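Please open the model in your viewer and keep the selection tool at hand. The tour goes from stop to stop, saying at each one what to select and what is there.

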Amino acid sequence: MEYDDVVVGAGSAGAALAARLSEDPDRSVLLLEAGADYQAVEQTPDDLLRTWISAGPHDWGFVAKATADREIAYPRGKVTGGCSAVNGHIALRGTPEDFDEWAAWGNREWSFDKILPYYRKLENDRDAEGDFHGASGPIWIERPRRETWQPINKAFYDACREIGYAEAWDHNEPRATGVGPWPRNRRDGVRISTAIGYLHPARHRLNLTIRSFCNVHRVIVEGGRAVGVAVECGGAAQTVRARRVTLSAGAINSPAILMRSGIGPRAELEALGVRCVVDSPGVGANLIDHVLAPVVAIPAPGVPHDPQVTNPVGIRYTASGSNEFNDMQMYALNFFDKSLWIGSELDLPVPSIALAPGLQRPRARGRVSLRSADPNVPAAIDLNYLGDAEDLRRMADGVRLAWRIMNSKRFAPYLKEFVNINAETVASDAAVADFVRANCGTIYHPVGTAKMGPESDPMAVVDQYCRVRGVEGLRVADASVMPNIVRANTNLTCIMIGERVADWMRAQA
Ligand SMILES: Cc1cc2nc3c(=O)[nH]c(=O)nc-3n(C[C@H](O)[C@H](O)[C@H](O)COP(=O)(O)OP(=O)(O)OC[C@H]3O[C@@H](n4cnc5c(N)ncnc54)[C@H](O)[C@@H]3O)c2cc1C
């Protein structure tokens with residue numbers, strides 16, 4: 001049989017896309033997911049529901065090169081819901097500047113005024129109302145009440161206010177900057193993934209087929225048109241035909257599937273024995289991620305550190321000496337362990353707490369490339385963190401701000417001692433830069449590896465409607481298409497991309 005649409009990957013964007021496409025009962029939609037699928041909340045394992053983040057049982061197990069001399073584990077969700085099912089459920093939007101930059105780079109359909117309706121459509125914000133918010137979307141959003149914050153979160157908030165940062169009660173208000181509660185896609189203690197928000201209410205539809213444990217190897221291209229996918233399911237290699245194929249396999253696997261399908265940098269493909277169908281040098285390039293560097297301390301005896309309320313409050317701010325609005329974030333983690341700092345070589349004392357500055361406007365670019373044409377060999381991921389001097393400078397500035405807050409009269413009483421830093425480190429430019437290099441880790445936000453752009457940009461892989469250049473009937477809709485990273489955690493923006501692309505695809509026959 002032939003489907004109208006095959007969507008590869010049931011993550012943040014793919015689940016939203018498949019659910020919206022299948023609202024049209026005359027359209028047959030097949031959603032293929034490499035990981036497991038849990039059909040109801042009651043059947044879903046607890047690591048996908050009530051954890052802060054979950055980087056264990058439902059993970060691809062990637063390893064990435066963080067800097068020239070450090071490798072880190074690089075979690076990606078492998079389950080329906082994708083990373084939205086394992087993530088830290090901070091529900092933050094990019095700023096108007098982010099999207100107006102995409103538009104200025106030749107993607108006019110992505111200006112802030114054009115994408116705002118889709119941010120609104122996806123959310124059911126229980127606290128904030130008005131022109132910027134939605135109240136009937138699939139993703140429940142609420143903010144942790146101050147009375148639920150732990151003492152160090154309150155101390156963090158008070159110290160930031162005393163330093164002069166504004167109150168940001170609604171971090172998703174377009175001009176918001178400063179300190180306030182993180183909006184969260186969590187309801188009654190349960191993470192609202194796209195599997196729960198989008199797929200569960202759509203499962204009864206006869207025109208939507210969701211198949212788990214289906215690992216898509218490549219897109220089948222015939223006569224310049226995508227006609228289906230080659231997929232391994234239950235140990236058997238199979239093909240599925242479709243009128244249109246959309247890759248929503250995330251910023252690591254979507255470019256990998258493109259390259260295995262012969263769409264990518266010609267020399268790289270041919271060196272691996274893959275016949276080049278479209279020479280597209282941008283596939284896998286332009287990898288961008290947010291980097292963080294936690295300043296870790298042991299709390300004073302008796303200070304609560306409840307993992308269920310980790311990180312309820314944070315700050316979006318502009319680095320000193322920077323002219324880029326909100327180019328930094330900082331988390332106040334009253335419970336800090338290895339699961340939150342993947343790739344660190346440090347033995348963390350128990351209990352530990354941390355303030356973690358994170359760069360939101362990195363200038364360095366990394367790369368995803370194939371090591372082999374074999375679909376079972378994971379792609380090589382080179383993050384190139386701190387590969388730009390300004391990235392390192394702003395991160396060093398963030399570490400010093402964390403140190404200042406932790407030594408403030410509000411915060412200091414909650415600390416026993418620092419774990420990975422001291423006053424001499426903070427005083428020296430060279431030492432603080434070394435600290436950042438040695439302690440940096442991921443905020444888990446890779447984007448940009450099949451970026452959108454106008455025809456004049458040779459590195460653009462898709463056009464602004466997310467159609468792959470050079471192949472009819474093939475799209476990418478996920479984090480890969482962002483031309484630059486948003487200055488916010490990326491989940492809501494990926495869901496928004498799924499919503500936006502669904503509208504265009506539904507408007508087509
Ligand atoms: C540990 C962690 C914590 C995070 N915390 C936050 C947070 O607090 N807030 C926030 O906003 N963002 C957070 N993020 C980032 C955010 O969740 C991601 O940016 C977003 O979910 C990516 O969406 P996507 O649609 O691009 O890809 P994904 O959600 O990764 O979806 C891709 C899907 O495709 C499937 N797939 C991949 N390859 C194949 C294949 N070959 N065949 C079939 N299926 C395939 C995958 O299994 C997956 O289900 C976090 C991410 C992680 C990993």
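The stops below take in the ligand and then a pair of helices.

This is a predicted model, in which local features need pLDDT of at least 70 and side-chain atom pairs count only at pLDDT 80 or more, while totals for chains, interfaces and linings use all residues. Residues are numbered from 1 along each chain as its sequence is written, and side-chain values use heavy atoms, with hydrogens and water left out.

Select the ligand, which 38 residues surround (a residue counts when one of its heavy atoms lies within 4 Å); the closest are Ser12, Glu33, Ile90, Thr490 and Asn491.

Show Glu33 next, where a polar side-chain atom lies 2.6 Å from an oxygen atom of the ligand, a polar contact being a pair of N or O atoms within 3.5 Å. Of the 1000 Å² of accessible area that the ligand has on its own, the protein covers 98% (Shrake-Rupley method, 1.4 Å probe).

Finally, select helix 2 (residues 96-104) and helix 3 (residues 112-122), which pack at an angle of about 125 degrees with their axes 9 Å apart (helices are DSSP runs of H or I with at least four residues; axes are lines fitted to C-alpha atoms over the stretch in contact, and angles run from 0 to 180 degrees between N-to-C directions). The two helices are therefore oblique to each other, as angles under 35 degrees count as roughly parallel, over 145 as roughly antiparallel, 65 to 115 as roughly perpendicular and the rest as oblique.

Technical notes
A polar contact is a pair of N or O atoms within 3.5 Å; within protein, one must be able to donate a hydrogen and the other to accept it, and residues adjacent in sequence count only if both atoms are side-chain atoms.
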